[in-house]
Amino acid sequence: MIYMTLDTYYWFFSTTAQVFGALIAILGVFTVYKLQWIQQSIEWSRKDLVKHMETFERNVVSRRLDEQLRMATEEIARQEATNGGHRSLDELKIITTIIPKRRQDRTDITESFLKLMRLMLLVLATALISIPFSSFLSHHVFTGCLYFVVMLIASIIALFSTKNFLELAVKRE
């Protein structure tokens with residue numbers, strides 16, 4: 001028969017809380033860094049396009065910046081193509097697709113991060129709330145073992161979700 005002592009539950013729940021607290025902090029820092037990088041990428045793409053437009057001294061009408069850049073880029077590329085310019089329309093279109101792609105990346109990472117944080121905070125809170133009930137769980141063997149297994153499974157699911165989140169956040173195209 002499996003029997004877990006009071007200390008086993010104390011150690012398990014307090015360690016689980018500490019691990020997930022640390023993971024939340026580390027992932028928070030990582031996510032903020034990644035979102036800043038995406039924002040920088042958007043700004044770099046815009047600056048590159050604006051710089052390219054300035055060489056042709058274009059005035060852009062007041063529409064949304066991304067749409068302005070796309071339209072102006074297509075016009076510049078057409079002019080360059082007719083004048084024997086060095087950038088093709090396809091090359092400039094690739095630059096204009098970076099901005100919406102990065103915006104979508106930012107949205108995907110933010111949504112994925114929030115889902116992961118909800119799961120991790122649930123595991124963290126459950127572990128913290130469970131510490132005072134360790135005595136009860138150690139005296140009720142079946143309930144204690146069942147609760148232990150459920151917490152262990154929840155922890156494993158949260159860790160695999162963390163791996164999936166990191167794969168999403170680290171990928172570069």
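Student: In what order do the elements of the chain run from the N terminus on?

Tutor: They run α-α-α-α-α. The chain has 5 helices and 0 strands, where helices (H or I, at least four residues) and strands (E, at least two) are DSSP runs numbered from the N terminus. This is a predicted model, in which local features need pLDDT of at least 70 and side-chain atom pairs count only at pLDDT 80 or more, while totals for chains, interfaces and linings use all residues. Residues are numbered from 1 along each chain as its sequence is written, and side-chain values use heavy atoms, with hydrogens and water left out.

Student: Why is Ser155 called buried?

Tutor: Buried means under 20% relative accessible area, exposed over 50%, and partly exposed in between (1.4 Å probe, protein chains only). Ser155 has a relative accessible area of 8%, so it is buried. The residue sits in helix 5 (residues 141-170).

Student: Which residues does Ser155 touch, not counting residues up to four places away in sequence?

Tutor: Ser155 touches Thr16, Phe20 and Val123, where contact means heavy atoms within 4.5 Å.

Student: What makes up the largest nonpolar core?

Tutor: A nonpolar core is a set of buried Ala, Val, Leu, Ile, Met, Phe, Trp, Tyr and Cys residues joined through side-chain atoms within 4.5 Å. The largest one has 27 residues, and Leu27, Met117, Met120 and Phe165 have the most contacts inside it. Helix 1 (6-54), helix 3 and helix 5 each supply at least two residues of this core. Helix 1 gives the largest share, 10 residues. In soluble globular proteins, nonpolar side chains tend to be buried together.

Student: How many aromatic pairs are there?

Tutor: The count is 5. Rings of Phe, Tyr and Trp (its six-membered ring) pair if their centres lie within 6.5 Å; planes under 30 degrees apart count as stacked, over 60 as edge-to-face and the rest as tilted. One of the pairs is Phe12 with Phe148, 4.4 Å centre to centre and 50° between the planes, so it is tilted. Phe12 lies in helix 1 and Phe148 in helix 5, 136 residues apart. Phe12 and Phe148 are both buried.

Student: Why is the pair of Phe113 and Phe165 called tilted?

Tutor: The ring centres are 5.9 Å apart and the planes stand at 45°, so the pair is tilted. Phe113 is in helix 3 and Phe165 in helix 5, 52 residues apart.

Student: How do you know whether Phe113 and Phe165 are buried or exposed?

Tutor: Phe113 has 16% relative accessibility and counts as buried. Phe165, with a relative accessible area of 1%, is buried. Not counting residues up to four places away in sequence, Phe165 touches Leu27, Phe30, Thr31, Ile109, Ser112, Phe113 and Leu116.
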